[in-house]
Amino acid sequence: MRRKEMILITAAPVFSPCSHLLLRHSLHPSSPLRHESIHRSKISRFRGVSAASSSSSSLLPQPPHRPDKASELRALWKRFWKVAAPFWFSEDKDQARLRLAAVFALTLATTGISVGFNFLGRDFYNALANKDQDQFTKQLLYYLCGFAGGIPFFVLRDYAKETLSLRWRSWMTKYYLQRYLKDQTFYKIQSQSMIDNPDQRIVDDLSSFTATALSFSLTLFSATIDLISFSNILFTIYPPLFLVLLLYSFGGTAISVFLGKGLVNLNFLQEKKEADFRYSLVRVRENAESIAFYGGEQNEMQLLLQRFKSAFDNLTELLIASRNLEFFTDGYRYLIQILPAAVVAPMFFSGKIEFGVINQSVSAFNHILGDFSLVVYQFQAISAFSAVIDRLGEFDDLLDNNISRDPSQLEEIELTYQSELEPSFTSSLLDSNGSIQSRQNQKLLEIEELTLQTPTNGTTLVHSLVADIYDKDHLLIMGPSGSGKTSLLRAMAGLWRSGKGKITFYLNSQDDFEQEKYDSQRKRSSGDVLFLPQRPYMVLGTLRQQLLYPTWSSTMEATPGGSQIDGTQFKIVTSSQPKTDDLMRTLENVRLGHIVERFGGLESLQEWSSVLSLGEQQRLAFARLLLCQPKLALLDESTSALDEANEAHLYQQIQAAGITYISIGHRQTLTKFHNKILHISTADPKSMERNWRMEDANAKDSLSGTLSQ
Ligand SMILES: Nc1ncnc2c1ncn2[C@@H]1O[C@H](COP(=O)(O)OP(=O)(O)OP(=O)(O)O)[C@@H](O)[C@H]1O
């Protein structure tokens, strides 16, 4: 529900004799308001069902069974409160409550002004009917003064409401983003298809929630005040008119609920189909090069048209259904204009009331009917709002980690970070010129009896892995495709917890350990561990930002409107930011110096994943690694797109920088940059045998191995 609707319900019947036309306009198919209603409407029984990405919808949990309407309403109210409450108890609560009080006060004032206009209207028409020119001029003046004094209250009420809604949205956006990006929740949601379209919930649903929640509360408030003020007027004029009004509004509500029930479902489907269509277009954009190489335009065209047609067909049905409903609702609205006049006219004819009272009763009737007919007028908006509450409530539960873990899963991998141990172990390592040296090193990583499973179906990938990684150890993980190499890195990064066993990192940064909650995200972002995926992630930004990612980021700005969510959680705190010279030198070190000139400097803004080759992107990722200088680097086939000479060069660079690394790779040429090799074979689901073997990279004979591949 939007601003225009609020005015229509509370003020329009008095301000304009053509209020019904305005009201009708707000629900006209071409009205933006109506469009939004149609576009967003869904029903709560569809909770949990995808509203956009068709690709994920089938994986989503089925909607829970709802026993009856009363408990459904209670659950909806609980969800509403859970989503709405935090802002009003946040650090910004004083400002928020003050502003809310101002909005309510202005609403009260506008209702008072409406009542005043109701009486002005009566006297105005009485003067007209009595041909009393002096009185008429006086009333006309009063009316004009009333407009001049009253209109600012209506405008200010709407402005105050909109700004409060924006403030609320801004706070909630930050609140949701903070939890979404915390503890890799965004990754769990995506990789396990927990809910559909979190992005849509953060952008559209939050915006719609704050605006509608505020509008609905104000509408209910002003409807109650209106009801009290105008019922009195109407009752004083003619009590039976009040009875007619009650019958009319309750009957109208029941009929429109009955006629409109199919519409809600169609609205829900419309949103999903439109989102599917939009999603296919986004995929064409994202995969433009692959599609162009394949020459797959025809297939894409067919798919796109198919999805559009599906949306089109549904919209056609929806328009027919809403047309049928409008036959009733439009009639309902028009009849209001003559019904009260028809009821009180006999009293006017018999001289019991004056002419102006007819206008007054029409106006009061309109007001009260508007209050009683909220369901008729706002049918689509109410159902859309209940769906928004459901979607946000579901998201909120997930972000609170209430449903992120499968309760049937009793065990999970334990991932801990401890301060570093005293150097106590002598390990062998390969130095840059290829000879083996022995020296005392610190243990950086310990893996104890790790059994790793896939999160969605619990397939075991690795059985009882035991491994120790010491400072300057370089481990290469090898194995057939799909055996679980990347998944092992996922477990080390804390992304996957399914399985059992223990992974312990021994890293320094004593200060960090004083913090109460110490999570893997913080550890990794503190620069101790850096992960390089096979396909490097290019952020949206300049070349400088590419190089600084993810170790250094710009400080978060204050929330608009002054709300004070702590934005520092994701601020990355490490050593001071590298200077331009360091960045240039590092680019030279990874043989990318030429791109600075090619793209016009470090501040150049490009779509980097498109303008750099995959090999160049992998070199850029190594530049990040060299700048960040982590204690431990996890490299997932991060040189797969490079020629052997470049690959060797990069490994020499990170060895020279003293970085300990664990790599995944298929090429035999990689072995010379590692001193340990972990061979993983595809796990046999029927066997509990270990499916891995650790060996010294220099014991070349054992590379033929005994493992079945
Ligand atoms: N989110 C997931 N849910 C369930 N299974 C998954 C998931 N992600 C990956 N898998 C499965 O886990 C297995 C191991 O995947 P992983 O990516 O670790 O293999 P890999 O050894 O790195 O393969 P490659 O060498 O081809 O990159 C695969 O069979 C894959 O299909």
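These legends accompany close-up views of a predicted model.

**Figure 1. Overview of the predicted chain.** The chain holds 25 helices and 14 strands. It has 709 residues, of which 39% count as buried. Take the contacts between residues at least 6 apart in sequence: 77% of them join residues at least 24 apart.

**Figure 2. Packing of helix α13 with helix α14.** Helix α13 covers residues 297-349, and helix α14 covers residues 355-372. Their axes lie 9 Å apart, and the packing angle is about 140°. That angle makes α13 oblique to α14. The crossing of the two helices is right-handed. From α13, the contact takes in Ile336, Pro340, Ala341, Val344 and Phe348. From α14 come Phe355, Ile358, Ser361, Val362, Phe365, Asn366 and Leu369. By class, this contact of α13 with α14 has 10 nonpolar and two polar residues. No charged residues take part in the contact.

**Figure 3. The open sheet β1-β7-β4-β5.** Four strands make up this sheet, in the order β1-β7-β4-β5. Their pairing is mixed. Strands β1 (414-419) and β5 (460-470) form the edges, each pairing on one side only. From one strand to the next, the twist averages 10°.

**Figure 4. Strands β4 and β7, with helix α17 on the sheet.** Strand β4 (residues 443-453) and strand β7 (residues 499-507) run antiparallel. Six bridges join them. Glu446 stands opposite Thr504 in β7. Helix α17 (residues 485-492) packs on the sheet. This helix touches β4, β5 and β7. The direction of α17 makes about 120° with that of β4.

**Figure 5. Burial of strand β6.** Strand β6 spans residues 474-478. Five of its five residues are buried, so the strand is largely enclosed by the rest of the structure. Side chains in a regular strand alternate between the two faces of the sheet. Both faces of β6 are covered. One side carries His474, Leu476 and Met478, all buried. The other carries Leu475 and Ile477, also buried.

**Figure 6. Strand β6 and its partners β12 and β13.** Strand β12 (residues 660-664) runs parallel to β6, and four bridges join the two. Ile477 has Ile664 as its bridge partner in β12. Strand β13 (residues 676-680) also runs parallel to β6. Four bridges join β6 to β13. Here Met478 stands opposite His679 in β13.

Conventions. Residues numbered from 1 in each chain as written. Predicted model: local features only at pLDDT ≥ 70, side-chain atom pairs only at ≥ 80, totals over all residues. Axes fitted to C-alpha atoms, helices over the stretch in contact; angles between N-to-C directions. Parallel < 35°, antiparallel > 145°, perpendicular 65-115°, else oblique. Left-handed = near helix turned anticlockwise from the far one by under 90°. Contact = placed C-beta atoms within 7 Å. Nonpolar A, V, L, I, M, F, W, Y, C, P; charged D, E, K, R; others polar. Buried ≥ 20, exposed ≤ 12 C-beta atoms within 10 Å, placed from the backbone. Pairing = 2+ DSSP bridges.
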